[in-house]
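This note is intended for a colleague meeting the structure for the first time.

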Amino acid sequence: MTRFNRVLLAGVALAAMTSAPAWADVKIGLGAPLTGPNASFGEQMKRGTDAAVKALNDAGGVNGEKITVVYGDDASDPRQGVAAANELVGEGVVAVIGHFNSSVSIPASAVYAEEGIVQISPASTNPQLTEQGQKTTFRTCGRDDQQGEVAGPFLAEKYKGKNVAILQDQTTYGKGLADATKAAMNKAGLKEVLYEGITVGEKDFSAVVSKMKQAKVDVIYYGGLLSEAGLILRQAREQGLTAQFISGDGIVAEEFWGITGDAGQGVLMTFGADQRNSPAAKDVVAKFKADNYDPTGYTLYSYAAVQAWAQAATKAKSFEGPKVAEALHDGSLYKTVLGELSFDEKGDRKQADYVFWIWNSGKFVEATQAELAKVGK
C-alpha cells in the first residue's frame, strides 16, 4: 500500500468518526532550488506556484478544499533533490510542482511515481524525464529535442561555411540540450569546429576561450545554466573574442546580465513564446505587476502547472494521483496562463512553442524578425 493510500484511508476513517471532511487541508509540494546557484529560478517557480494557489483558494479551492504549499529546497543538487522529494512525501503532498534541474527532476520522479503522486515540472526539459514510462510525470515546458530543432537549423542557416563552437556543462540538462542542438545542426549540413565540456562551478574559462580563439569561431552555442554561461561570455569578450553567443532556456533570468554586464548585449536564447501579453495571462500578469514583479522565465510555467493539476483534480473529483494523472492524460485541453495545454501519453505538452529571445540592456525579450535577420551577417 502506498503512502498516499495509507493517508487517504486514515483520513476516511477519521471522517467517519467525526463527520469532518477527509481533506481538511490539501497540500501540494514545490520542489525547487530555493537556495544555491539557481535560486533565481527557484524564486520564479515559487512566485508562480504561490500566486496560482492563492487564486484557487480565493475562488473556493479545489474540490471544495483549501490548498496549501509545502516547500522542498533541492539547491539544484540531485541528492538533496531526492531528500526533498522524500520530505514532501512525508508531508503528505498530493502533487508536486517541480523540479527545475533535469538532473534533479529525474531521480526525484522515481520517488513520486512510487507513491502515485503527480509531478509537473515547469522547467525540466531533458527528454529522459518523460521517457521513463511513469504515468504520473508531466511538464508544462517543452523538451530539449524540440528546442534543438529550433536552434540547430538556425545555426546551420545563419553560419553556413563559418565556425561554430558547441560548449556544454556536462549536466543532464546542459549536455542534453547541446547534443540535441548539435544533432539538428549537423543534420542541416553544418559541422562544429569545436565541442567542449566545462565543469559546473568553474570560474576560469581562459583555456576554452583560447581554444575558441584559435579555432576562429564565429558563434558559440552553450548548453547549460546562467552562472557559467555568463562567465564564459564575459571572459571571451575580455580576451577579444566577439563571436555571437547563443544558448537555451537556462539563462532566462536577469542574474545572467548581472554576470555579463554589457557583454550580454545581443545574446540569443531559445525559450517558449512570450505569453505575458496574451489574453489567457493578461489578468494574472497585471496582478503580478501590481506587486512590482514581472513574471518572467518560469513564473507562468509554474502557475500553469498548478492550474492544470487543479483542473484535472476537479475533473477526476479526486486528489488521488493516479486518477488525476488519468485526467491529465486523456487529451483534455486545460486552460492556463500559457494558453490551452494538453498532454500526450508520456506527459509532455502537445503544444511546443520555442522561439528566439534576445538580451537588450539588461532585459530579455522575444526577438523580432528584423533582429534575427541581422544574425550571422
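1. Domain bounds here come from an automatic or database domain assignment. For the protein chain, that assignment gives domain 1 (26–141 + 277–352) and domain 2 (145–272 + 355–374). Their centres, taken over C-alpha atoms, are separated by 28 Å.

2. On the basis of the values: this is a predicted model, in which local features need pLDDT of at least 70 and side-chain atom pairs count only at pLDDT 80 or more, while totals for chains, interfaces and linings use all residues. Residues are numbered from 1 along each chain as its sequence is written, and side-chain values use heavy atoms, with hydrogens and water left out.

3. Contact (heavy atoms within 4.5 Å) involves 18 residues of domain 1 and 18 residues of domain 2. The buried area, that is, the accessible area (1.4 Å probe) that two parts lose on being put together, summed over both, is about 1300 Å² between the domains, and carbon and sulfur atoms give 59% of this. Of the area that domain 1 buries against domain 2, F41, T125 and Y298 supply 27%, more than any other three residues.

4. By the salt-bridge rule, the count comes to 20. A network of salt bridges links E131, R139, R143, D145, K346 and D348.

5. Helices are DSSP runs (H or I, at least four residues), numbered from the N terminus. In helix α2, D50 and K46 meet through their side chains in a salt bridge (2.9 Å, N to O); the two are four residues apart and therefore separated by about one helical turn. D179 and K175 likewise form a salt bridge (2.6 Å, N to O), and they stand four residues apart in helix α6 (residues 172–187).

6. The side chains of E320 and K323 also meet in a salt bridge (3.9 Å, N to O). Is E320 buried or exposed? With buried meaning under 20% relative accessible area, exposed over 50%, and partly exposed in between (1.4 Å probe, protein chains only), E320 counts as buried at 18%, whereas K323 is partly exposed at 44%.

Methods
A salt bridge is a side-chain nitrogen of Lys or Arg within 4 Å of a carboxyl oxygen of Asp or Glu.
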